[in-house]
Amino acid sequence: KTLRQVLIVRTFLVESLTYGLKSLTIPLALLNNEIDLRDAIDASRVEEEHNIEECGLVEGGHDVDRANVSTQIAAAAIFLRLL
């Protein structure tokens with residue numbers, strides 16, 4: 001691998017994490033080992049979890065989103081750490 005290829009892949013993964021976590025600071029903290037994967041996912045879900053508490057869970061919506069985000073974020077974070 002060339003350095004350029006690694007940087008391109010790393011940039012793509014950070015972008016993917018930023019999109020999935022709805023934050024730039026959370027992926028950067030994850031990348032710098034300041035937080036772990038579980039904390040990153042929990043931090044990104046604070047607003048939605050608050051809305052669920054206030055308005056209730058939409059089955060087939062919120063629960064699927066929880067699983068989907070966790071899977072996407074875990075995959076990107078693990079791949080990023082392997083670089």
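This is a predicted model: local features need pLDDT of at least 70, side-chain atom pairs count only at pLDDT 80 or more; totals for chains, interfaces and linings use all residues.

Colleague: What is the mean pLDDT of the protein?
Modeller: The mean is 88, and 99% of the residues reach 70 or more. pLDDT is the predictor's confidence in each residue, from 0 to 100. Confidence is highest in helix α2 (residues 25–31), at 91, and lowest in α5, at a mean of 85.

Colleague: What makes a stretch a helix here?
Modeller: Helices are DSSP runs of H or I with at least four residues, and strands are runs of E with at least two; both are numbered from the N terminus. Helix α5 has 21 residues.

Colleague: How far does α5 reach, and what span is expected?
Modeller: From its first C-alpha to its last, α5 reaches 30 Å. The expected span is 1.5 Å times one less than the number of residues. For α5 that is 30 Å, and the helix is close to it.

Colleague: Why is H62 called buried?
Modeller: Buried means under 20% relative accessible area, exposed over 50%, and partly exposed in between, with a 1.4 Å probe and protein chains only. H62 has 16% relative accessibility, so it counts as buried. H62 lies in helix α5.

Colleague: What does H62 touch, leaving out residues up to four places away in sequence?
Modeller: H62 touches R45, E48, I52, G56 and L57. Contact means heavy atoms within 4.5 Å.

Colleague: Which other residues of α5 are buried, and what do they pack against?
Modeller: The buried residues of α5 include V69, I73, A74, A76, A77 and L80. The buried residues of α5 pack against α1 (3–21), α2, α3 and α4.

Colleague: Where is S16, and how far is its C-alpha from that of I73?
Modeller: S16 is found in helix α1. S16 has 29% relative accessibility, so it counts as partly exposed.

Colleague: What makes D42 and R38 a salt bridge?
Modeller: A salt bridge is a side-chain nitrogen of Lys or Arg within 4 Å of a carboxyl oxygen of Asp or Glu. The N to O distance for D42 and R38 is 3.1 Å. Both lie in helix α3 (residues 37–44), four residues apart, about one turn of the helix. D42 is partly exposed at 39%, and R38 is partly exposed at 46%.

Colleague: How many salt bridges are there by this rule?
Modeller: The count comes to five. One of them joins D65 and R45, at 3.3 Å, N to O. That pair links distant parts of the chain, 20 residues apart: D65 is in helix α5, and R45 is in the loop between α3 and α4 (46–55). D65 counts as partly exposed at 22%, whereas R45 counts as buried at 7%.

Colleague: How do you know that R66 and E49 form a salt bridge?
Modeller: Their closest N and O atoms are 2.8 Å apart. R66 lies in helix α5 and E49 in helix α4, so the pair ties together parts 17 residues apart in sequence. R66 is partly exposed at 30%, and E49 is partly exposed at 24%. Salt bridges that share partners join R45, E48, E49, D65 and R66 into one network.

Colleague: Why is L82 called exposed?
Modeller: L82 has a relative accessible area of 67%, so it is exposed. The place of L82 is in helix α5 (residues 62–82).

Definitions and conventions: Residues are numbered from 1 along each chain as its sequence is written. Side-chain values use heavy atoms; hydrogens and water are left out.
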